[in-house]
Amino acid sequence: MGKETERAQAFARDLAGAYGDALRSVVLYGSAARGEYRDGVSDLNLLVLLGDTQAATLRRGSALARAWAAESNPPPLVMSEAEFRDSADTFPIELADIRDAHLVLHGADPFAGVEIRPADLRMQLERELKGAQIRLRTRYLTQAGEALKFEPVLLKSLSTFLVMFRTVLRLSGVEVARDPQAVVAATASRVGFDPGPLLEILRARAGQTKLDVRPDSPVVTGYLDAVARVVEYVDRFEAPA
């Protein structure tokens with residue numbers, strides 16, 4: 001167990017002390033749950049489910065949440081148990097990704113009995129993927145060539161696209177690996193793009209190499225091309241209802 005998981009478990013225990021029986025589940029998800037946590041790059045993502053989310057209930061954990069966020073952690077995602085179960089058609093990508101890689105720190109596993117429909121996944125994927133592509137393209141237009149600004153864009157945005165790549169694989173009936181290199185390779189094979197530039201960005205995230213972020217560098221142009229090809233693939237994909 002890594003130090004990041006121990007930090008998350010300590011926070012879950014503090015929440016249990018504050019909420020008592022009102023706390024139904026605390027779930028660690030994201031890179032830490034997949035064993036990919038990188039200090040200074042990755043986040044500790046927590047899903048917190050309560051019996052209700054009335055203002056008085058939320059206030060019981062306010063001080064803990066502020067202290068958690070003050071340590072450069074993202075605030076926990078807080079929902080009521082009922083809201084969570086009703087969100088499978090609204091946030092299917094997020095729930096599918098958490099479901100496939102999560103660690104229950106407190107309470108019951110909230111995914112028991114939750115159904116995520118392929119048609120809902122497909123609809124959200126197209127919207128989120130095209131939005132992320134537009135944001136990446138805008139940052140390329142305005143910041144490519146400025147290493148201090150654009151290199152963090154490449155390193156951070158790939159995390160978003162990895163979530164979507166895993167969704168592409170789920171929709172395509174391909175087993176989803178936890179390892180990001182394997183996710184990139186499997187998506188490249190399914191969709192048809194060169195995985196090299198994305199693997200180079202992953203190596204840079206791990207501190208193994210330095211990126212060439214010139215606007216015409218193979219890493220940058222290859223990344224943009226890979227995203228474009230995934231968008232085209234999803235456009236053509238027909239998911240079962």
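Trainee: Is Phe 193 buried or exposed?
Mentor: Buried. This is a predicted model, and in it Phe 193 has a relative accessible area of 8%. The cut-off for buried is under 20%, so Phe 193 qualifies.

Trainee: And Phe 165, buried or exposed?
Mentor: Phe 165 is buried too, with a relative accessible area of 0%.

Trainee: What do Phe 165 and Phe 193 form?
Mentor: They form an aromatic pair of the tilted kind. The ring centres are 6.0 Å apart, with 40 degrees between the planes.

Trainee: Where does each partner sit?
Mentor: Phe 165 is in helix α7. Phe 193 is in the loop between α8 (180–191) and α9 (196–205). That is a separation of 28 residues, so the pair links distant parts of the chain.

Trainee: How many aromatic pairs does the structure hold?
Mentor: Six. Another one of them is Phe 161 with Tyr 223. Their ring centres are 5.9 Å apart and the planes stand at 85 degrees, so this pair is edge-to-face.

Trainee: Which parts does that pair tie together?
Mentor: Helix α7 (residues 147–171), through Phe 161, and helix α10 (residues 218–236), through Tyr 223. The two parts are 62 residues apart in sequence.

Trainee: Are Phe 161 and Tyr 223 buried or exposed?
Mentor: Phe 161 is buried at 1% relative accessible area, and Tyr 223 is buried at 0%.

Trainee: Switching to helix packing. At what angle do α8 and α10 cross?
Mentor: Roughly 60 degrees, with the axes coming within 10 Å. The two helices are therefore oblique to each other. Their crossing is left-handed.

Trainee: Which residues make the contact?
Mentor: From α8, Thr 187, Arg 190 and Val 191. From α10, Arg 229, Val 230 and Tyr 233. By class, that contact has three nonpolar residues, one polar and two charged.

Trainee: Now α1 and α3. How are they oriented to each other?
Mentor: Roughly antiparallel. The axes of α1 (residues 3–19) and α3 (residues 62–70) cross at roughly 165 degrees and come within 10 Å. Angles over 145 degrees count as roughly antiparallel, so the label follows. This crossing is right-handed.

Trainee: What makes that contact?
Mentor: On α1, Arg 7, Ala 8, Phe 11, Asp 14, Leu 15 and Ala 18. On α3, Leu 64, Ala 65 and Trp 68. Seven of the residues in the contact of α1 with α3 are nonpolar, none is polar and two are charged.

Trainee: Let me pick a single residue. Where is Leu 125?
Mentor: Leu 125 lies in helix α6 (residues 118–143). Its relative accessible area is 0%, so Leu 125 is buried.

Trainee: What is Leu 125 in contact with, beyond its neighbours within four places in sequence?
Mentor: Ile 93, Met 164, Thr 167, Val 168, Leu 171 and Val 234.

Trainee: How far apart are Leu 125 and Val 234?
Mentor: In sequence, 109 residues. In space, 7.8 Å from C-alpha to C-alpha.

Trainee: Last one. Where is the place of Ser 80?
Mentor: Strand β3, residues 77–80. Ser 80 counts as buried, at 7% relative accessibility. Leaving aside neighbours within four places in sequence, Ser 80 is in contact with Leu 49, Leu 50, Gly 51, Asp 52 and Thr 53.

Definitions and conventions
Residues numbered from 1 in each chain as written. Predicted model: local features only at pLDDT ≥ 70, side-chain atom pairs only at ≥ 80, totals over all residues. Heavy atoms only, no water. Axes fitted to C-alpha atoms, helices over the stretch in contact; angles between N-to-C directions. Helix = DSSP H or I, 4+ residues; strand = E, 2+ residues; numbered from the N terminus. Parallel < 35°, antiparallel > 145°, perpendicular 65-115°, else oblique. Left-handed = near helix turned anticlockwise from the far one by under 90°. Contact = heavy atoms within 4.5 Å. Nonpolar A, V, L, I, M, F, W, Y, C, P; charged D, E, K, R; others polar. Phe/Tyr/Trp six-rings, centres within 6.5 Å; stacked < 30°, edge-to-face > 60°. Buried < 20%, exposed > 50% of the residue type's maximum accessible area, 1.4 Å probe, protein only.
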